[in-house]
Amino acid sequence: MIQQNRMYGTLLNPLYEGCDLDDLCIATYLIACHRDEDVVVKMNSIGIEQTTGSWVDVPAETDEVRTKYASKVIGIYEIPAYENRTDLVNAVGPDGYRWFIVRIGFPVANIEDNIPLLIGSISGNIMSMPNLKLLDIDFPKKFVDKFQGPKFGLNGIRKILNVYDRPLLNNMIKPCTGYTPEVGEKLFYEAAAGGVDIIKDDELIGGDRSFNKLADRVKLNMDAAHRAEDIKQEKTLYACNITDEVSRLKANAMTVIENGGNCIMVDVHGVGYTAVRMLAEDPDITVPILGHSCFNGAFTSSPYQGMSSKVVTKLCRIAGCDIYLTQPPYGKFDNTFDNYIENMITAKAKMYDLKPMLPFVGGGVVPGLIPKFMSDAGNDILLGAGAGIHAHPMGPQAGARAFRETIDACMNDVLLREAAEKGSEELKVAIEKWGIYGDDHSKDLYAL
């Protein structure tokens with residue numbers, strides 16, 4: 001008797017409604033196929049490659065094994081949705097591609113709470129294929145429940161700072177690297193005294209440097225933070241960059257805490273998601289974690305390869321970042337608006353019992369962009385200004401004041417042009433120098 005090709009059977013191709021969805025991490029991919037390629041076989045081959053099988057059947061891969069541990073293809077959707085063969089042949093040439101959105105379920109039992117294995121399973125060998133991009137992962141509750149996630153999150157950060165209504169203001173110390181702790185302390189103090197809530201190291205200065213030792217950096221910057229608090233009557237968090245070899249991360253974190261530091265920062269994609277989780281779930285590490293997204297673009301920016309920034313944001317939240325940076329489309333980067341908004345939503349929207357992250361925007365942020373950011377994201381946003389503070393013609397303290405005055409104007413429904421005309425010299429100078437988005441702010445401000 002002729003046996004049905006198992007690639008077409010319901011064991012590997014169940015309906016969504018026929019799955020135990022709490023037992024599957026469901027990956028959504030964008031995949032291209034040649035016109036005459038067998039799409040169902042290709043999609044099942046992709047899933048099997050990442051679960052129980054190989055390029056050819058092996059004897060020990062029985063139906064019992066497949067039932068429990070093989071991938072499940074639960075949706076194949078062509079774009080556009082050809083159903084007529086004639087239309088397909090006429091629209092797609094013999095060497096052309098057909099594009100599909102595909103949803104494949106991976107058994108939680110294969111992965112459990114192992115982030116490296118999650119990445120190996122859902123985006124492993126198959127990422128070597130051309131024209132395959134991971135768009136999203138739907139995580140079931142039983143998977144997410146094994147992770148602590150953010151220790152503080154958005155609301156915890158607000159509680160530490162005792163600021164509950166307005167957007168929060170961040171500053172990155174500039175220059176990025178190559179300066180001494182004494183130089184950094186002066187810049188830190190000026191920004192903090194001007195009204196900055198969170199000051200972070202740049203992503204390019206992490207751990208101990210020969211010219212800037214970690215303990216010295218923490219002591220001097222926290223002293224500056226306390227002196228600034230006496231002036232502004234507000235607390236300042238210092239996100240000290242501890243990025244290093246994984247074997248040195250906890251020691252670096254403890255150096256920060258033991259020297260009075262109140263926040264740490266890591267370059268997430270340099271140290272890895274599981275290193276962030278190690279820090280977040282360690283009871284000795286009692287301060288928030290700011291996650292920086294540098295290197296993210298290497299695997300998200302291609303429209304046809306890698307993974308989406310939404311997947312990255314989910315993984316950072318699961319791993320335990322309290323704050324995570326995403327690039328907006330208005331400054332010196334060219335992110336699409338929809339991805340930026342999706343990342344904001346992914347950081348804050350309900351995700352079972354995980355705390356929301358505080359979304360952080362940076363990259364050419366100036367006061368003239370603040371009304372647009374607040375329109376996009378509301379008040380639960382961290383506005384990251386580097387050169388927009390330190391390059392202010394009147395100095396970094398004036399640059400910080402210009403940002404705070406802008407935030408206050410937006411909170412009170414005052415048009416920024418009107419606020420600049422009637423307000424302080426600091427704000428007026430900032431608007432004259434960099435403009436207002438939608439009016440005279442331009443991408444020409446940025447060299448990148």
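Predicted model: local features only at pLDDT ≥ 70, side-chain atom pairs only at ≥ 80, totals over all residues.

Trainee: Why does Asn171 count as buried?

Mentor: Buried means under 20% relative accessible area, exposed over 50%, and partly exposed in between, with a 1.4 Å probe and protein chains only. Asn171 has 0% relative accessibility, and therefore it counts as buried. The residue lies in strand E5 (residues 168-172); strands (E, at least two residues) and helices (H or I, at least four) are DSSP runs, numbered from the N terminus.

Trainee: Which residues does Asn171 touch?

Mentor: Leaving aside residues up to four places away in sequence, its contacts include Ala191, Val196, Ile389 and His390. Contact means heavy atoms within 4.5 Å.

Trainee: What makes strand E3 largely enclosed by the rest of the structure?

Mentor: Of the 11 residues of strand E3 (residues 97-107), nine are buried, so the strand is largely enclosed.

Trainee: How do you know that E1 and E2 pair with E3?

Mentor: Two strands pair if DSSP finds at least two bridges between them. Strand E1 (residues 24-34) is joined to E3 by 11 bridges, and the two run antiparallel; Leu24 has Pro107 as its bridge partner in E3. Strand E2 (residues 72-79) has seven bridges to E3, also antiparallel, with Ile76 opposite Val102.

Trainee: Why is the second largest pocket said to lie between domain 1 and domain 2?

Mentor: A pocket is an open set of points on a 1 Å grid over the protein atoms alone, where a 1.4 Å probe fits, with protein on both sides within 12 Å along at least five of seven lines; lining residues have an atom within 4 Å of a point. Domain 1 (6-145) and domain 2 (152-434) both give residues to this lining, so the pocket lies between them. The domain bounds come from an automatic or database domain assignment.

Trainee: How many residues line the second largest pocket, and which lie nearest its centre?

Mentor: The lining has 21 residues, with Lys133, Thr300, Ser301, Ser309 and Asn339 nearest the centre. Helix H14 gives the most, with three residues.

Definitions and conventions. Residues numbered from 1 in each chain as written. Heavy atoms only, no water.
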